[in-house]
Amino acid sequence: MKQIIELNVNGESYTVAVNPWQTLNEVLREEINLTGVKLGCGSGDCGACTVMVDGRAVSSCLSLAVEMVGKEIMTVEGMAPSGEELHPIQESFVKKGAIQCGFCTPGMELTALNLLNNNPSPTYNEIREALAGNLCRCTGYKKIIEAVGAAGQKMKEASERKTS
Amino acid sequence: MRLSHFDYYAPTTVADAISLLQSKPDAHVMAGGTDLLIKMRHAGLKLKTIISLKSISGLNTIAFDETKGLTIGATALLADVAIHPDILKYYPTVAQAARGTANVQVRNMGTVIGNLCNASPAADNAPTLLAMGAEVHIQGPSGKRTVPLDQFFKGPGMTALEPAEIVTAVHVPRLTPHSGTAYISLSARGQLDCSAVGVATMVTLKEKVCEDTRIFVGACGPTPIRVPKAETIVRGKELTDDLIDQAGVQASAEATPITDVRASADYREKMVAVLTRRVLSQARKRASE
């Protein structure tokens with residue numbers, strides 16, 4: 001039986017009718033039309049479906065929508081809320097050429113955000129380890145890792161400017 | 001592929017969860033869901049009812065007490081165990097095993113207890129907890145009981161849990177003075193993959209003599225297994241490199257690995273000797289620090 005639930009996605013509230021077996025991935029893509037969230041393997045290995053829930057990167061393909069009530073969900077669409085200016089991570093991905101086919105990009109960027117929120121100046125290996133659960137079929141890992149490093153630098157400088 | 005249809009309950013107390021399990025014998029308990037939902041999607045597991053433990057308050061607690069030791073609640077996340085300051089300080093291999101499980105996303109959803117209750121012989125969090133003499137706290141229709149972790153695993157996917165019982169926490173005692181632990185696992189694709197083989201140990205030294213040790217091997221039998229004869233080789237004796245080599249050879253003889261998609265039996269057997277050697281010398285070093 002469907003339940004009516006309220007989901008907070010990218011700062012907006014959505015009322016949706018969901019079955020208990022519907023994943024967060026299905027509801028975001030099919031009910032709320034946030035198709036920046038991808039579906040890859042469906043088993044938590046590829047990271048294409050990554051979203052942020054209460055500030056943590058999780059696999060939306062392994063999250064039940066009914067368990068998301070009262071939580072803050074963020075998809076790639078919420079990274080640059082104005083729709084005009086890109087988030088520093090996104091900007092860095094564009095500048096460094098860290099996007100090829102683009103399928104892994106939303107998940108990569110959100111996992112990068114999860115890392116940089118916890119560790120503003122990660123080492124090369126820390127970035128590699130943090131992104132270990134995000135696969136890029138184009139194998140463009142080198143540029144992606146460089147982009148995350150550069151974005152971290154930029155975000156750190158921006159927050160230092162803010163506090164000084 | 002979509003999940004097959006099921007009813008979903010999120011009780012707010014352990015007692016309610018147990019009553020639900022009693023009234024719905026085909027129900028399955030779920031914590032993080034990172035194993036269960038994959039089995040449903042890709043391995044044909046069909047469940048009529050899922051009972052989530054996530055709404056039970058307090059079950060995600062990680063508590064450390066100087067005398068009592070460490071208690072990790074049933075819904076405490078792998079990610080939180082991996083960075084908990086007391087666990088990093090007093091139980092570094094417990095944090096290491098949690099950090100070595102799957103990837104960031106799965107660690108943000110999955111739990112240590114879920115990893116144990118799935119009872120995979122390769123469960124990354126089992127060997128080190130076994131070596132440290134952990135016990136699981138269980139609650140069910142007839143009350144509470146405690147089971148040593150080394151009596152909890154009964155076979156692949158099988159545990160000592162009776163119908164309608166739930167593991168509420170795992171408890172790890174404090175290490176005795178002059179003790180050290182170590183855990184090393186190998187897998188084809190770094191930490192992402194399930195371990196192909198892993199060995200954990202705890203060593204207690206008195207001067208240079210190994211007063212006590214526990215050695216457990218993962219992914220080389222139907223459950224993580226203890227290698228008592230290898231322990232006997234070093235227990236009560238001066239822990240020399242030569243003795244450590246002998247213990248490695250013996251551990252390899254006691255392991256009963258099979259060939260599967262992750263590694264051959266032959267490779268596993270050889271690696272048990274290597275890893276046993278390495279963990280014993282690591283633990284010896286930590287015990288003498």
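In this predicted model, 27 residues of chain B are in contact with 29 residues of chain A. The two chains bury about 2400 Å² between them, and carbon and sulfur atoms account for 51% of that area. On the side of chain B that touches chain A, the residues divide by class into 12 nonpolar, 10 polar and 5 charged.

Across the interface of chain B and chain A, 5 salt bridges are found. One of these can be picked out by eye in the structure: the side chains of B:R99 and A:E129 meet at 3.0 Å, N to O. The interface of chain B and chain A also holds 17 residue pairs in polar contact, with both partners at pLDDT 80 or more. As for secondary structure, the elements of chain B that give two or more residues to the side touching chain A are α2 (36-42), α3 (78-83) and α6 (104-107). Of the side of chain B that touches chain A, α2(B) supplies the largest share, with 4 residues.

Turning to the inside of chain B, the chain is divided into domain 1 (7-52), domain 2 (62-172) and domain 3 (179-287). Between domain 1 and domain 2 of chain B, the buried area is about 950 Å², with 71% of it given by carbon and sulfur atoms.

Which residues of domain 1 of chain B lose the most area to domain 2 of chain B? They are B:V14, B:I18 and B:T34, and together these residues make up 42% of what the domain 1 side buries. Across the interface of domain 1 and domain 2 of chain B, 0 salt bridges are found, while 2 residue pairs are in polar contact there, both partners being at pLDDT 80 or more.

The interface of chain B and chain A has 5 salt bridges, whereas that of domain 1 and domain 2 of chain B has 0. Carbon and sulfur atoms give 51% of the buried area between the chains and 71% of that between the two domains of chain B.

Technical notes:
Residues numbered from 1 in each chain as written. Chains lettered and ligands numbered in written order. Predicted model: local features only at pLDDT ≥ 70, side-chain atom pairs only at ≥ 80, totals over all residues. Heavy atoms only, no water. Domains from an automatic or database assignment. Buried area = accessible area lost by both parts, 1.4 Å probe. Salt bridge = Lys/Arg side-chain N within 4 Å of Asp/Glu carboxyl O. Polar contact = N/O pair within 3.5 Å; in protein donor to acceptor, adjacent residues only side chain to side chain. Contact = heavy atoms within 4.5 Å. Nonpolar A, V, L, I, M, F, W, Y, C, P; charged D, E, K, R; others polar.
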